Amino acid sequence: MGRGIPDEPEEFAVEEVRLDEQGPLRWRVTRTGAVAGFWVRQRMDLIRGERAVRCTTEFAPPGEPRQGLLALSVPLARDASLTADIPFGVEPRDLDACPYVGF
């Protein structure tokens with residue numbers, strides 16, 4: 001059997017959706033749930049005047065040891081730019097130059 005992404009990956013099962021903030025400058029939605037035994041919390045911010053969605057995803061592994069791949073799928077335009085939060089700051093990343101498979 002191959003070691004790639006499975007043909008039928010499990011989807012994030014949303015258990016709760018909350019509207020935490022509602023304008024006039026920011027709207028925040030929080031979703032919590034689970035996938036493959038992982039607890040997941042996702043906060044999505046819409047900021048007035050920005051052409052972007054800010055999203056923070058937190059997850060905690062299941063209590064028992066398990067092997068797997070936790071991935072996020074985000075539709076992006078080919079010329080889109082991403083920023084990554086790294087331990088020493090936030091900086092733009094060139095997707096074509098990123099050495100990580102599937103980044």
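**Terms first.** I call a residue buried under 20% relative accessible area, exposed over 50%, and partly exposed in between (1.4 Å probe, protein chains only). I am reading a predicted model, in which local features need pLDDT of at least 70, side-chain atom pairs count only at pLDDT 80 or more, and totals for chains, interfaces and linings use all residues. Residues are numbered from 1 along each chain as its sequence is written, and side-chain values use heavy atoms, with hydrogens and water left out.

**Confidence.** I looked up pLDDT, the predictor's confidence in each residue, from 0 to 100. The protein averages 77, and 71% of the residues score at least 70. Among its elements, β1 has the highest mean, 93. Strand β6 (residues 89-93) has the lowest, 62.

**The sheet.** I took strands as DSSP runs (E, at least two residues), numbered from the N terminus. Two strands pair if DSSP finds at least two bridges between them. I found an open sheet of 4 strands in the order β1-β2-β3-β4, with antiparallel pairing. Its edge strands are β1 (13-22) and β4 (53-60), and each pairs on one side only. I noted that strands of a sheet pair through backbone hydrogen bonds.

Next I went pair by pair. β1 and β2 (residues 26-35) are joined by 8 bridges. Leu19 has Val29 in β2 as its bridge partner. β3 (residues 38-47) and β4 also run antiparallel, over 8 bridges. Asp45 stands opposite Arg54 in β4. β3 and β4 form a hairpin with 5 residues between them. In that turn, Gly49 has a positive phi of about 90°.

**Salt bridges.** How many salt bridges does a search of the whole structure find? I got 8. Each one is a side-chain nitrogen of Lys or Arg within 4 Å of a carboxyl oxygen of Asp or Glu.

I checked Glu58 and Arg43, whose side chains meet at 3.6 Å, N to O. This pair links distant parts of the chain, with Glu58 in β4 and Arg43 in β3, 15 residues apart. Glu58 is partly exposed, at 28%. Arg43 is partly exposed too, at 26%.

Arg18 and Asp20 form another salt bridge, at 3.0 Å. Arg18 is partly exposed at 32%, and Asp20 is partly exposed at 34%.

Glu50 meets Arg54 at 2.6 Å. Glu50 counts as partly exposed at 35%, and Arg54 counts as partly exposed at 45%. My last entry is a network: salt bridges that share partners join Glu21, Arg26, Arg28 and Asp45.
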